[in-house]
Amino acid sequence: MAMAVGPSSGDEDEVISAINTTPLVDVMLVLLIIFLITIPVVTTSIPVQLPKERVEVRATRPENIIISVDKAGAIYWYDAKLPDARALVVKLKAVSQMKPQPEVQIRGDLGARYEGVGRVMYACQRAGITRVAFITEPPPLGG
């Protein structure tokens, strides 16, 4: 006597309409393992040290030069607006001859474009300034 498994219909040539999902699950598991192995290699292939945020107490000295850049990209020597970057270079060349050379502190507005701050840095480079610092506002406490 033969044992019957499943519905007992006399027709053995009946088509099974259910989709076999086992091969699909196997392929997905293999792809998942491949991605888990290859993604960390791609993301950490170049070792780069990113700058860390730190708060330093800076002593303001009277000989330090403060250059500010506002939202519109205008350059200020302390509180006096300069007409262009050439005037800044002329003033910085006079400062670069001082012994010891004072530190140039750049204050860039949060809404200013990088171009304005870049012009100030380029002017410092052309004038021969060796000490340049960026003045930022410290983050709020606990944030």
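These legends accompany close-up views of a predicted model.

**Figure 1. Overall layout of the chain.** The chain contains three helices and five strands. Along the sequence they follow the pattern α-β-β-β-α-β-α-β. Of the 143 residues in the chain, 21% are buried. Contacts between residues at least 6 apart in sequence include 66% that join residues at least 24 apart.

**Figure 2. The five-stranded sheet.** The strands form an open sheet in the order E3-E2-E1-E4-E5, and the pairing is mixed. Strand E3 (80-81) and strand E5 (132-134) are at the edges and have a single partner strand each, so one side of each lacks a neighbour in the sheet. E4 and E5 run parallel and are joined by three bridges. In this pair, Val104 is opposite Val132 of E5.

**Figure 3. Strand E1 and its two neighbours.** Strand E1 (residues 65-69) is mostly covered, with four of its five residues buried. E1 runs parallel to strand E4 (residues 104-108), and five bridges join the two. Ile66 is placed opposite Gln105 of E4. With strand E2 (residues 75-77), E1 pairs in the antiparallel sense through three bridges. Here Val69 has Ile75 of E2 as its bridge partner.

Figure 4. E1 and E2 make a hairpin with five residues between them, and Gly73 in the turn has a positive phi of about 95 degrees. Tyr78 lies in the loop between E2 and E3. Tyr78 also has a positive phi, of about 55 degrees, although it is not a glycine. Most residues other than glycine have a negative phi. Tyr78 has a relative accessibility of 36% and therefore counts as partly exposed.

Figure 5. Lys81 belongs to strand E3. Its relative accessibility is 57%, so Lys81 counts as exposed. Leaving aside residues up to four places away in sequence, Lys81 touches Ala74, Ile75 and Tyr76. Val69 is twelve residues from Lys81 along the chain, and the C-alpha atoms of the two are separated by 9.6 Å.

**Figure 6. Helix H2 and its buried side.** Helix H2 (residues 85-96) has twelve residues, which at 1.5 Å a residue should span 16 Å; the end C-alpha atoms are 16 Å apart, in agreement. The buried residues in H2 are Leu88, Val89, Leu92, Val95 and Ser96. These residues cover an arc of only 120 degrees around the axis, which puts them on the same side of H2. Arg86 and Val90 are exposed, on the face turned away from the buried side of H2. The buried residues of H2 are covered by elements including E1, E2, E4 and helix H3 (114-127).

Figure 7. Pro100 is in the loop between H2 and E4. The peptide bond joining Lys99 and Pro100 is cis, with omega of about -10 degrees. Most peptide bonds are trans.

**Figure 8. Helix H3 and the residue that follows.** The 14 residues of H3 should span 20 Å at 1.5 Å a residue, and this agrees with its end C-alpha atoms, which are 20 Å apart. Gly116, Val117, Val120, Ala123, Cys124 and Ala127 are buried in H3. Seen down the axis of H3, the buried residues fall within an arc of 115 degrees and so line one face of the helix. Tyr114 and Gln125 are exposed on the other side of H3. E1, E2, H2, E4 and E5 are the elements against which the buried residues of H3 pack.

Terms used: Residues are numbered from 1 along each chain as its sequence is written. This is a predicted model: local features need pLDDT of at least 70, side-chain atom pairs count only at pLDDT 80 or more; totals for chains, interfaces and linings use all residues. Side-chain values use heavy atoms; hydrogens and water are left out. Buried means under 20% relative accessible area, exposed over 50%, partly exposed in between (1.4 Å probe, protein chains only). Two strands pair if DSSP finds at least two bridges between them. The expected span of a helix is 1.5 Å times one less than its number of residues. The arc is that of the directions from the helix axis to the C-beta atoms. Contact means heavy atoms within 4.5 Å.
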